[in-house]
Amino acid sequence: MKTYLLVSALLFSVGLAGALTRRNAIIVLVGVELMLNAANLNFVAFWRHSADPRVLDGVMFAVFAIAVAAAEATVGLALVIAIHRHFKSANVDDASRMKG
Amino acid sequence: MDLILALLAGATVGAAVAAMALRDVVHCVLFLTVSLIGLALLYLKLGAEFVGFVQVLVYVGAVAVLVVFAVLLTRGGDAPTERIANAPWSGALVAAAVFAMLARAILGSPSLGSPSPETPVPTLSVKAIGEGLTGGYVLPLQIVALLLTAAMIGGVVIAMREKEGE
């Protein structure tokens with residue numbers, strides 16, 4: 001149990017470091033995906049070690065979180081493509097103007 | 001801690017580190033895929049087969065391909081920059097601080113302290129999940145369906161080519 005939680009914490013930290021520091025917008029999104037996956041691993045680990053594994057809450061949470069993460073990836077990557085078309089760059093530093 | 005768990009955990013975290021640290025974006029995405037597969041295997045090891053297969057289908061099958069497409073679409077104009085990260089040390093420091101806090105909470109937690117006697121891996125049939133999805137979880141299911149539809153339409157609208165001459 002602790003091993004899973006530690007792996008999850010490590011994944012979250014790695015994703016956070018990437019999302020905070022990388023300059024490519026796609027890699028920032030990848031870091032966010034890693035953080036979401038770390039949360040999912042926690043859900044499943046706590047479900048596995050809960051008192052009654054027949055209660056489906058943990059698994060359902062993970063499944064719905066995966067679905068929401070897929071939606072987030074869709075919109076995020078569409079935004080990256082739109083920004084790239086506008087600024088001719090996928091670099092988050094170049095997209096600093098709010099006025100098009 | 002058994003060997004398989006150690007190997008899976010090492011592969012998953014190592015691939016995640018590589019995905020965040022490598023210079024070439026395509027390599028990053030490939031290592032992200034490795035990390036996601038490792039996570040799916042961890043789910044399988046935890047006995048959540050459905051989540052593991054959903055992870056493979058959605059993440060490895062769809063999201064990874066989507067990210068690769070985005071990488072290839074946004075490649076053209078970028079000159080390869082010398083720096084891949086802004087202030088990498090402060091970001092790593094923040095992440096290390098977060099990890100230290102989380103690890104302290106995990107290792108110091110009294111409720112996690114006593115190692116529970118190794119319970120047999122619970123069998124969770126897909127039938128039970130299906131009954132749950134159509135029974136008690138039907139409202140979240142509908143909301144997710146609406147969200148996915150909205151996200152799909154939104155993605156198409158956002159990524160659609162801007163009108164000429166605007």
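The report below takes up the interface between the chains and then an aromatic pair.

This is a predicted model, and in it 83 residues of chain B are in contact with 67 residues of chain A. The size of an interface is often given as the accessible area lost when the parts come together. For chain B and chain A this buried area is about 6400 Å², and carbon and sulfur atoms give 76% of that area. Between these two chains the count of salt bridges is 0, while 11 residue pairs are found in polar contact across the interface, with both residues at pLDDT 80 or more.

On the side of chain B that touches chain A, at least two residues come from each of the helices H1 (3–21), H2 (25–45), H3 (49–73), H4 (88–108), H5 (110–113), H6 (126–134) and H7 (138–159) of chain B. The most is given by H3(B), which supplies 12 residues. The residues on that side of chain B divide by type as the table shows.

| Type of residue | Number on the side of chain B that touches chain A |
|---|---|
| nonpolar | 61 residues |
| polar | 14 residues |

Turning to the rings, the structure holds 1 aromatic pair over all chains. This pair is formed by A:Phe43 and A:Phe61, which are stacked, at 4.6 Å centre to centre and with 10 degrees between the planes. The pair links distant parts of the chain, since A:Phe43 lies in helix H2 (residues 25–48) of chain A and A:Phe61 in helix H3 (residues 57–87) of chain A, 18 residues apart. A:Phe43 counts as partly exposed because its relative accessibility is 31%, which falls between the limits of 20% for buried and 50% for exposed.

Terms used. Residues are numbered from 1 along each chain as its sequence is written. Chains are lettered from A and ligands numbered from 1 in the order in which they are written. This is a predicted model: local features need pLDDT of at least 70, side-chain atom pairs count only at pLDDT 80 or more; totals for chains, interfaces and linings use all residues. Side-chain values use heavy atoms; hydrogens and water are left out. Contact means heavy atoms within 4.5 Å. Buried area is the accessible area (1.4 Å probe) that two parts lose on being put together, summed over both. A salt bridge is a side-chain nitrogen of Lys or Arg within 4 Å of a carboxyl oxygen of Asp or Glu. A polar contact is a pair of N or O atoms within 3.5 Å; within protein, one must be able to donate a hydrogen and the other to accept it, and residues adjacent in sequence count only if both atoms are side-chain atoms. Helices (H or I, at least four residues) and strands (E, at least two) are DSSP runs, numbered from the N terminus. Ala, Val, Leu, Ile, Met, Phe, Trp, Tyr, Cys and Pro count as nonpolar, Asp, Glu, Lys and Arg as charged, and the others, Gly among them, as polar. Rings of Phe, Tyr and Trp (its six-membered ring) pair if their centres lie within 6.5 Å; planes under 30 degrees apart count as stacked, over 60 as edge-to-face and the rest as tilted. Buried means under 20% relative accessible area, exposed over 50%, partly exposed in between (1.4 Å probe, protein chains only).
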